Amino acid sequence: MLLSYIIPFLILILVVVFIHEYGHYYFAKKYGVGVTDFSIGFGKELFGWNDKSGTRWKVCAIPLGGYVKFFGDRNVYSQADHQEILDKYNEEERQKLFILKPLYQRALIVFGGPLANFLLAIVIFFSIYTFVGKDFTPAVINEVQKDSPAMVGGLKEKDIILEIDGNEVKSLMDVSKYITMSTSDFIDFKVKRNYEELILKIKPNMVEGEDNLGNKINKRMVGIKLGAYNDKINHVKLGPAQAIYHAAHEVYYVSISSLKYLGGMVMGKADTSQLGGPIRIAKISGQVATFGVIAFISMMAYISISLGLINLFPIPMLDGGHLMFYTFEALLGRPLSQKTQEGFFRIGLFLLLSLMFFTTFNDLKDLGLFG
């Protein structure tokens, strides 16, 4: 049972982290930056090799991330001392130093990691929509439960759901997704009834339930049962143009919805218990793997989006923190002092450790070890 969780988790993490770090590596090599280390994982090196350019490619013992270390950096966070650089390196070596590259090149190297994660997700969705297909079955309400929020709000049997909170419902699968990601007190349903289009406001109930994998979650429920329009499933393999459009749209939707959901957590409107860490990812990746390759690589795409998005948060130690420093540098005309940057890094470390503690606590609660 343990191996059934660990192996899919390791595969998922290795692929997603490798792609992220390769994004940094690609732009670093493009702009002539020397790369000394390309690491998947942290801690003790398990195995590795050196390439012709002197980069050490390695896999380390703690598979919870990775890093690309540039030539001349004091640590993996690309910190370096300017005066030390001027004293220590000759002109040829300075050409390989990340810290001496133009601001736009440094920004692109840092942004390359999240960009690679978003591109991975697009490639996965594109491949699925092209070779497997995408569902476009219109969602029809087959049943409205008595005294449910749906009945109170005016939804009726045979209504065709067109939109939820302004998001077009293109398939049956969209309905539960849009309801789950909503953080407002009321959910706006646009439905087609006979030949008339109506907009109805439904106040969902929050109930304890289980997801499709049997994990306990707090779900927003409106009390409807869905079916296919005219009992016909419409599953279509898309051409390249349509596939790339829908793939990019899915990445955009997941990113925006995730930000809204996190904003809802901060405002106290969203369920913080759904925020998970490595243990929950390992558990779910093992469960999803039992549903087959398509389900597993779909999850990989969503995890890749999450990794790219989180790394863009303006928190020191993350890619977004570096981009924040570069924004200050562009505005001030000079980098922030080493002391100021180190102060920000301490704040970033505290925030990341707090987040890790919170998500780990949620994970252990999910396993039944607390509460």
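Which residue forms a salt bridge with E45, and how far apart are the closest N and O atoms? Keep that in mind as you set up the view.

This is a predicted model, where local features need pLDDT of at least 70, side-chain atom pairs count only at pLDDT 80 or more, and totals for chains, interfaces and linings use all residues. Residues are numbered from 1 along each chain as its sequence is written, and side-chain values use heavy atoms, leaving out hydrogens and water.

**Stop 1: E45 and R56**

Select E45 and R56. The two form a salt bridge, with the closest N and O atoms 2.5 Å apart. A salt bridge here is a side-chain nitrogen of Lys or Arg within 4 Å of a carboxyl oxygen of Asp or Glu. Side chains of opposite charge can pair when their charged atoms come close. Now show the strands (DSSP runs of E, at least two residues, numbered from the N terminus). E45 lies in strand β1 (residues 35-50) and R56 in strand β2 (residues 56-70), so the pair ties together parts 11 residues apart in sequence.

Check how open each one is. Buried means under 20% relative accessible area, exposed over 50%, and partly exposed in between (1.4 Å probe, protein chains only). E45 is partly exposed at 29%. R56 is partly exposed at 25%.

**Stop 2: E143 and K225**

Select E143 and K225. Their salt bridge has its closest N and O atoms 3.9 Å apart. E143 sits in strand β4 (residues 139-144) and K225 in strand β11 (residues 224-228), so this pair links parts 82 residues apart in sequence. E143 is partly exposed, at 35%. K225 is partly exposed too, at 44%.

**Stop 3: K201 and D188**

Move to K201 and D188. They form a salt bridge, the closest N and O atoms being 2.8 Å apart. K201 belongs to strand β8 (residues 196-202) and D188 to strand β7 (residues 187-193), so the pair ties together parts 13 residues apart in sequence. Is K201 buried or exposed? K201 is exposed, at 53% relative accessibility. D188 is partly exposed, at 25%.

**Stop 4: a network**

Next, select D174, K177 and E250. Salt bridges that share partners join these residues into one network. A search of the whole structure finds 10 salt bridges.

**Stop 5: a nonpolar patch**

Finish with I6, L10 and L14. They form a nonpolar patch on the surface, with about 210 Å² of accessible area together. Accessible areas come from the Shrake-Rupley method with a 1.4 Å probe, and for residues only the protein chains shown count as cover. Patch residues have over 30% relative accessible area and no salt bridge; like charges are joined within 9 Å, nonpolar side chains (Val, Leu, Ile, Met, Phe, Trp, Tyr) within 5 Å. L10 is partly exposed, at 32%.

How values were computed. Helix = DSSP H or I, 4+ residues; strand = E, 2+ residues; numbered from the N terminus.
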